[in-house]
Amino acid sequence: MQVSLREPKKIMKLAKLGCFHQSKLSFLRSFLKEFKNWKYNRDLFDLDENGYGRAVYSFSKNKRIYSLICFANKIDDTERSDRVIATKWDAAFTLHDGIPAKKDLDRLSNNVPKQEVGRMSYKELTLSRANKSVRIFNHVVECLSNGKQPDKDKISEVGYLYRTTAVYGSGKFGLADRFRIKNRNEIFGPFRLEMMLVYLVRQFTFDQVNHIAKNKNPKKAITLDENICRNLGIGNSTGLGMAPFIVNHPTLLNNWILARETVLKKIREIKNVNLKNQNIFKTCLKKSLGNISSWSTESDFQKKKILNLNEDLNKFLKFLDESNIFDKNYAFNEIYLWCEKNLKDECIEYIVSMMMEPFDDIVEPHIYKMSSDEDKYFTIPTDRTVEDLRSILEQKYSDILKIDFSKTNSNKNFWFISKNKEEPRLADRFIDEGSDLEQPLAIARDICLLYSRISNKKNSLNIGRFLLENNDLRHVIRRAFITEKFPYAEIQDNTIGSELMAIDMLRLKLSFFGAVKFDPRSDKWLRISMFQGAPLPQDLKSFDDHWIYNSLN
Amino acid sequence: MRSFSEIDTVVKRATKGVGFNWGVAEEVGKNIKLLEMFGLPGLKNLNDYFNSLKSKKFQNLTFISNHNQSKIPYCPIISGISFLDQVNELKELINIKIENMSYPILFLPFLSRASEVIGKKISFKFDENIFLFNFNQNIYSNYFSNKILENAKLTEINFIENNNTFSQEEWDNLYKLSTNTFVEESDELKKSAAGAGLTDND
């Protein structure tokens, strides 16, 4: 039986993309799987009694070494901010290519804590900073120094000791350009080194908290229980800075979504699902419920989604128990079709992620197809004709062409780069200043304009000639020809309309990272957790691929 | 050292900042990154060109013919965009002359990319400087300066047919040497070593 890929027009709507969940394709899971056999080491741990100083952690295999360099600093409580405009953090980190020499450490100690205003070199691969969750961190120090383990309920409310506020890579602030390292097999998947940084930072947070407690009360202090450590991740605060990424990298976005959709299609095409795979699916699904029951948020938007997810999952579990669905051929196709008919998007996408759990053989090859050589598709094929372009627009952008941009609501927002932080922001076109400096992220509007411009042009006119008088639409002409080849390259929605929920864009990207417990703090930023439930470095050799459902929180 | 990613981003924004549209700005970002990767002074020339926009006027070359002249210097960016967009038609001209081209270094990456689009090598000459563009894989040149070149009085573009750089005799000689790696087959091997049947009339 052949199952079709799900329609881009259906999948690439923001409300749908904003329901995506982590899966076996997610980058933090594929990172751990890749590095499970690497040698982990804590190479340097030079902190004072208050936990300030330097530390170095590494992963190595054969002659390749990646070293996380940590700088922990004292900051006042008044200086601690998760916003990207902050200038001081509790700790700053960089992932260095190789073993850092003393002169590297000295150079980096002057730059890494400064983050965006510091300068890295081609020897550094990623850069980040993080703040303590002060309430939890102090509680843990207090308990450990008094010989007690911390209160598990209190810890579960937050789920991490530190949260990062940005993780940079790919040439930012002088970091190594992607091309320098792209041929290394171990990082042949997007954001692998960003994931490595976050994972090693997590270990640093445990070591630091133990170190401070020990120094506070050397005779009585104990170390944080390893099971508690496993259930702690690293938090992350993410704002709008991340949103334009998925618009600015169409072929990469396509490759992420295409991997997910192709895996789903192949799973739906399995005729007989054996008992072992049925059980993995059922077990992961049941264990994952713990992640949902501990998913807390103040956001009404997210609360409603979680409520719907819970209701739908109960409905689904009942269906699973009562239907004997696995007695049928193509059981996962039957399950998917039932979900489409009976459940909301949040739960449908949850179950799609769950379906992948038993099928390493299907998922694994697609993990290596999730990068993209974007420059290859950059040049516009100007020998093509207006007829070709019209056909692409009508086929690939049909829903977008229905949007009426003469309405104020369709043009409500504009994206800009803030002068003080050089980060993307969103503002109201009719209230705020600056729309004349709008970023080229209003793809739907510009596609509609392009369609109207070609309406009275001859079919035979070539694109090179058309561009002579229409160079202002060059950016969307390029996109249209990319979308012709890459069906999931484009968000099929209006990214400047009054209905825009920018956090849907963040959620999409973060789900591919492998984040859980999305906690929107407004419609423009959210908090998440990464690596909660993940094995500790010493556990990696006996790695459980379904670790993400092992969290007790 | 600035990373190439930073160069791409800052150049793109700067190009939009001086008044070009976003689509053109994207092209210039990629182009300057390419020049800098090939060791040519792209950013330096672009910076000088953008500064000169405050006091000088430049002519947009949109329709390119085999001989293009202007009293006002041509803008290398719009000339380059036009060349890239029209290259499938222009390749028939074989030779193109553009007089009074400002900042010719900024024109180079468009030629390099055009060479890849049409699958032909392109040569570019002005003054004593010669550039050979090899399908956007590399730029071969006698130009090693890190200087700003404000203007080229006469530039000449040639599309080079896909011909070998060597003679038939040279090829034959090398081919003969390559046959030293072959194994002489016995009659039996001739029948069976290919793995296929001797007739395909089934």
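In chain A, strand β5 (residues 124–132) runs antiparallel to strand β6 (residues 160–168), and 6 bridges join the two. Strands here, like helices, are DSSP runs numbered from the N terminus, with at least two residues (E) for a strand and at least four (H or I) for a helix, and two strands count as paired if DSSP finds at least two bridges between them. The model is a predicted one, so local features need pLDDT of at least 70 and side-chain atom pairs count only at pLDDT 80 or more, while totals for chains, interfaces and linings use all residues. Residues are numbered from 1 along each chain as its sequence is written, with chains lettered from A and ligands numbered from 1 in the order in which they are written.

A residue is called buried if 20 or more other C-beta atoms lie within 10 Å of its own, exposed if 12 or fewer, and partly exposed in between, with C-beta atoms placed from the backbone. For β5(A), 9 of the 9 residues are buried, so the strand is largely enclosed by the rest of the structure.

These strands belong to an open sheet of 9 strands in chain A, ordered β1-β2-β3-β4-β5-β6-β7-β11-β10, with mixed pairing. At its edges stand β1 (39–47) and β10 (516–520), each with a single partner strand, so one side of each is left without a neighbour in the sheet. On average, neighbouring strands are turned by 25 degrees against each other, direction ignored.

Now for some helices of chain A. The expected span of a helix is 1.5 Å times one less than its number of residues. Just after the helix, G147(A) takes a positive phi of about 80 degrees.

Helix α17 (residues 443–454) of chain A, also with 12 residues, reaches 16 Å from its first C-alpha to its last, close to the 16 Å expected. Its buried residues, among them I443(A), R445(A) and I454(A), pack against α9 (243–248), α16 (386–396) and α19 of chain A. Helix α19(A) reaches 18 Å, close to the 16 Å expected for its 12 residues. Its buried residues include R474(A), H475(A) and F481(A). What covers them includes α10 (250–268), α16, α17 and α18 of chain A, together with α2 of chain B.

That brings in the interface. In total, 23 residues of chain A are in contact with 18 residues of chain B, where contact means that the C-beta atoms of two residues, placed from the backbone, lie within 7 Å. On the side of chain A that touches chain B, α18 (463–470) and α19 (474–485) each supply at least two residues. This side of chain A divides into 7 nonpolar, 9 polar and 7 charged residues; Ala, Val, Leu, Ile, Met, Phe, Trp, Tyr, Cys and Pro count as nonpolar, Asp, Glu, Lys and Arg as charged, and the others, Gly among them, as polar.

Within chain B, helices α1 (residues 4–17) and α2 (residues 22–37) pack at an angle of about 145 degrees, their axes 8 Å apart. Axes are lines fitted to C-alpha atoms, for helices over the stretch in contact, and angles run from 0 to 180 degrees between N-to-C directions. By class, the contact of α1(B) with α2(B) has 9 nonpolar, 3 polar and 7 charged residues.

Further along, N45(B) sits in helix α3 (residues 42–52) of chain B. N45(B) is buried, with 24 other C-beta atoms within 10 Å. Leaving aside neighbours within four places in sequence, N45(B) is in contact with Y103(B), I105(B), L106(B), I148(B) and L149(B). N45(B) and E150(B) are 105 residues apart in sequence, yet 7.9 Å apart in space, C-alpha to C-alpha.
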